[in-house]
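Q: Hi! Could you walk me through this one while I have it open?

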Amino acid sequence: MGYPHPPHPKETPVLSKHFGEADARTYGGWVQRGGYKALEQALGMTREQVVDAVKASGLRGRGGAGFPTGLKWSFMPKEVTKPHYLCCNADESEPGTFKDREIMRWTPHALIEGCAIAAYAIGAETTYIYIRGEFTDPWRVMETALAEAYAKGVVGPNAMGKGKRIDMHLHRGAGAYICGEETAMMNSIEGKRGNPRIKPPFPAQSGLFGCPTTINNVETLAAVPHILVNGADWYKAMCLGNPKSTGTKLLSVCGTIARPGNYELTLGFPLKDLLYDLAGGPLRGRRFKAVIPGGSSVPILTAEEADGTVLDYEGCVAAGSMLGSGGVIVMDDSVDMVYQTMRLAAFYAHESCAQCTQCREGTAWTTKILQRILAGQGQARDLDLLLDLADQMTGKTICVLSDSCAAPVVSAIKKFRPEFERYLTNGRRSA
Amino acid sequence: MSGPDAPAHQRTEQLPRVFVGEERKELDAVLAKYPTKQAALLPALWIVQRKHGWVSPEGMAETAEVLDVTAAYVRGVVTFYTMYHQHPVGTHFVQVCTTTPCGVCGAEAVRDAFVKATGSKRLGETSPDGNWTVIEVECLGACGFATPVLVDDDFIESVTPEKVPGIVARYR
C-alpha cells in the first residue's frame, strides 16, 4: 500500500499488505497473519530445495543490483567447513529510497523469517542485520521483534524446534552511505573503516571474517517467505513486462509530487501510471521536469522519457536509466537542475570513502566546478571538463560510488544543457 | 574558553571510565555476538557516546584497551563514521536532511529555521546556552516524509519551517 496513503487498486500488496497495522509487529500478530509457516516449511526441506525454489521464482536483488537471489545463494560452498554468514543489508541510504525502513517498522518478523530461511539455505548459523545508525525507530522495532523471536524459539540454538542453530544479531551503523556496499558493510561489521574491498575474492568465497558470506537486501529477504508459502510459480506469474523481472517491488516516490510514499507494484508497471494515478501527479500549477527512477545513483530521465518507461530491470535500462533501489525522485519545473546536480555531487563527495583517487578527487572537483558555475564564475569549457571528469570516474574504482556520482551529472548535462549554459552566459539561473 | 565547545586539551573535567558495572556487562554481551573482539568496536563506541555524550580521546583509549587494538586504530575508525561526535555537542543534537529529494521540497528552509529557533549562531556551532547543536546531514532515508529531522534519537517526519519553533519548544 502507498503508506502513508490507503492502498491503491493498482497496487499489488504482498510485502506491504500489513503496513500500518501495529499488531503485525508482534509475534502473535504475525503468526495470525500466516507468519513463520514458511520457515517451518523451509526447515523441512533440504538446503538445495530452498535455493531451487528461490531460483525458480526469478527473485532478484532489491537493493539495486538486481542480481538473481537464488543464484547468489548457490555460490555458497555446499560443504560447511568453516562458519557461513548471512548479512542483511538494512543500511538503506540511497537518496530517494525509504522502503526497507517501512518493512522493518511494520513487519519486522517478515524480515526475521526471511533471514532465517536464507541463513538455512546458505548453511549459515549466524546472521547480522546491519541497520543504519540514523534508523532509530526501525532499530527499536527490530530489537523488540528479535527478542520475541528468541523467546518463542523461532530463532536461536534450536530454531523452530528443528535442531538447527540460527542466531541473529542487529549491528548498528554509524553514518556512512558507503557501508551499504556489501564489502564495505563486512568491514564495518568487523570493526573497521567502511572501505570497500577489491573483488575477487567474492563474499561467497571469502567474506565476513574471511568466511563464506551472502549479503541480501531487506526487501529481497522479506519476499522469500511469500515465495515458499505460495510457490515459485505464483511469484513468477507476477510480471507485467519482461519475464526476467518477476514479483513485486516497493517503489519509494518522493520529491515534488502530490502523494509521496511507498507503492508496491508488480514489475513491468508503467512509470507514468505510478506518477500520475497512484502518486497524484505534479503539485498544483506545476509540471514534471525530471525523474530519477532508481535512487540518486542512476541516470536522470526527462519527464517525457519517464512517461514511456516501464518499471522493471530491463525497462529502465531501455529508457536509459536503471531500476536500482526503486527510489523515484521527482523534480518539477520549480527545480534548478544545476543546483540539484551540485547537491547530488556534494552527497557523493561527502560519502566517498576516499581510498580511490578517481572517486576522492573526482567527486570533490565535480562539486567544486558545479559550485563555481552556480556562483556565476563558470567558464565555457566547464561542461566538457565535467564530462571528461565523469569519464575518468566511471569503471575505474574499487566500488561504484564514483560511477554513481558521474551518472546523474552526465545525464543532467546531456538532458538539461540549456540550464547549465544559462549560468555560463548570464551568471545566474535565468536571463 | 570553557563550555561545550572547549577544545579537548583545555577541558578540566575528568570523564568517568565507561566499561565498568552495567556498561561492562553490556560490552560482554556484545562481544558474545562476534568471533573477534575488534568487531565489537562500533557497538562499543556507541556505548561510549551514550555515556559521555561524545567520543573523547580517553573514551577511545579505554575502548582500545578493552578490545585489544591501538588507540590510533580506534581513532581511524571514529573519524570514518559521521555519527560519532569527536567533540562535545549541545544537550540536544539536531540532524536535518538536505539531500536532493528533501532539498527540492524545501529542506534548506527547515535547516535555517532550526538554527534560528535554537538561538544557534550558525550551523554546526553549539548554541551559547549549550542546549543545541544543529547540523545538516545527507539522506536520512525517509525521503517521502520531507523533511525528516533527527532530534537526539527521535525521528521526526514531514517537518516544515512553520513546525520548527514548536518542535524546539518540546525539548526545552
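A: Happy to! In chain A, helix α16(A) passes α17(A) in a left-handed crossing, left-handed meaning that the near helix is turned anticlockwise from the far one by less than a right angle, and right-handed that it is turned clockwise. The model is predicted, so local features need pLDDT of at least 70 and side-chain atom pairs count only at pLDDT 80 or more, while totals for chains, interfaces and linings use all residues. Residues are numbered from 1 along each chain as its sequence is written, and chains are lettered from A and ligands numbered from 1 in the order in which they are written.

Q: At what angle do α16(A) and α17(A) pack?

A: About 145°, with their axes 9 Å apart. Axes are lines fitted to C-alpha atoms, for helices over the stretch in contact, and angles run from 0 to 180 degrees between N-to-C directions. Helix α16 covers residues 382-392 and α17 covers 401-415; helices (H or I, at least four residues) and strands (E, at least two) are DSSP runs, numbered from the N terminus.

Q: Which residues meet there?

A: L383(A), L386(A), L387(A) and A390(A) in α16(A) meet A406(A), V409(A), V410(A) and I413(A) in α17(A); contact means C-beta atoms, placed from the backbone, within 7 Å. By class, that makes 8 nonpolar, no polar and no charged residues. Ala, Val, Leu, Ile, Met, Phe, Trp, Tyr, Cys and Pro count as nonpolar, Asp, Glu, Lys and Arg as charged, and the others, Gly among them, as polar.

Q: Over to chain B: is the crossing of α2(B) and α3(B) left- or right-handed?

A: Right-handed. Those helices, residues 41-52 and 57-67, pack at about 140°, with axes 10 Å apart. The contact has 5 nonpolar, 3 polar and no charged residues, with H52(B) in α2(B) and T63(B) in α3(B) among those that meet.

Q: New topic: what does β9(A) pair with?

A: Strand β9(A) has 4 bridges to β12(A) and 2 bridges to β10(A), residues 301-302, and runs antiparallel to each. Strands pair if DSSP finds at least two bridges between them. V291(A) stands opposite V330(A) in β12(A), and A290(A) has T302(A) in β10(A) as its bridge partner.

Q: And how do the chains touch?

A: The contact takes 46 residues from chain A and 34 residues from chain B. On the chain A side, α14(A) gives the largest share, 6 residues. By class, this side has 16 nonpolar, 19 polar and 11 charged residues.

Terms used. Two residues are in contact if their C-beta atoms, placed from the backbone, lie within 7 Å.
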